[in-house]
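Biologist: Let us go through some labels in this model. I want the value and the cut-off for each.

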Amino acid sequence: MRILLLSLVACLSIPSTSSEANEFKMPPHFDYEQHYSKLAAKPPYLSADRLPKGYKIGRCLLVVDGQSRISGPCAYIIHKGGEFHIDGPRQVYDGIDYPKAQITAYEMSTDYWANVFKDEDGKWTGYGNEDVRYVKGDGSAWYELVRNGACYSNETKRQPSDTYQQLVKVCLWKK
């Protein structure tokens with residue numbers, strides 16, 4: 001079984017020699033750093049006409065370890081089963097505010113965001129970005145979240161011995 005698995009992994013990791021490799025290339029003369037600097041200095045305002053498909057405008061609250069990261073208007077999308085993603089009002093979107101990013105390395109973020117979802121045990125959990133520039137949730141540890149109305153919090157499930165766990169409250173109110 002291990003040999004079969006290792007063989008499969010080895011085959012999947014061999015680079016394609018096809019001339020049609022799925023290699024992402026930024027548009028000619030696109031200066032990523034310069035474009036990001038401009039967006040970060042003056043992000044576009046939250047408006048329904050510049051949101052990705054399926055996103056709506058609502059009101060959100062995201063507080064992590066006592067720091068209010070989102071409080072007020074936000075963009076959100078609700079997925080199957082009630083799972084959702086929220087973005088702060090100064091967030092930018094690929095294919096809308098900058099060229100479509102086909103790999104995470106070229107995505108941009110100019111505000112805080114959060115994901116709330118059910119884990120494999122059916123318990124609510126989530127994560128978000130630690131810095132407005134981060135497009136991945138590296139470093140966040142929310143563990144089990146308890147729902148109370150429109151809000152999810154780990155206040156009652158906090159593990160006092162876990163110094164890595166963040167105290168979080170995330171709320172979404174649809175307009």
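Modeller: Start with Asp65: it is partly exposed, because its relative accessible area is 47%, and the term covers what lies between buried (under 20%) and exposed (over 50%), with a 1.4 Å probe and protein chains only. Note that this is a predicted model, where local features need pLDDT of at least 70, side-chain atom pairs count only at pLDDT 80 or more, and totals for chains, interfaces and linings use all residues. Residues are numbered from 1 along each chain as its sequence is written, and side-chain values use heavy atoms, without hydrogens and water.

Biologist: What makes the phi of Asp65 worth a remark?

Modeller: The phi is positive, about 50°, and Asp65 is not a glycine. Most residues other than glycine have a negative phi. Asp65 sits in the loop between β1 (56–64) and β2 (67–78); strands are DSSP runs of E, at least two residues, and helices are runs of H or I, at least four, numbered from the N terminus.

Biologist: Which value does the phi of Tyr143 take, and where does Tyr143 lie?

Modeller: Phi of Tyr143 is near 55°, again positive in a residue other than glycine. The loop between β5 (124–128) and β6 (146–148) holds Tyr143. Its relative accessibility is 39%, so Tyr143 counts as partly exposed.

Biologist: Why is the contact of Arg50 with Asp97 called a salt bridge?

Modeller: The closest N and O atoms are 2.6 Å apart. The definition asks for a side-chain nitrogen of Lys or Arg within 4 Å of a carboxyl oxygen of Asp or Glu, so the pair qualifies. Arg50 is in the loop between α2 (32–41) and β1, Asp97 in the loop between β3 (84–87) and β4 (113–118); the pair links distant parts of the chain, 47 residues apart.

Biologist: Why are Arg50 and Asp97 called buried?

Modeller: Arg50 has a relative accessible area of 10%, so it is buried. Asp97 has 15%, so it is buried too.

Biologist: How do you know that Arg69 and Glu130 form a salt bridge?

Modeller: Their N to O distance is 3.7 Å, and that meets the cut-off. Arg69 lies in strand β2 and Glu130 in the loop between β5 and β6, so the bridge ties together parts 61 residues apart in sequence. Arg69 is buried at 12%, whereas Glu130 is partly exposed at 27%.

Biologist: What makes Lys100 exposed but Asp94 partly exposed?

Modeller: Lys100 has 51% relative accessibility, so it counts as exposed. Asp94 has 22%, so it is partly exposed. Their side chains meet in a salt bridge at 3.5 Å, N to O.

Biologist: How many salt bridges does the structure hold?

Modeller: It holds 4.
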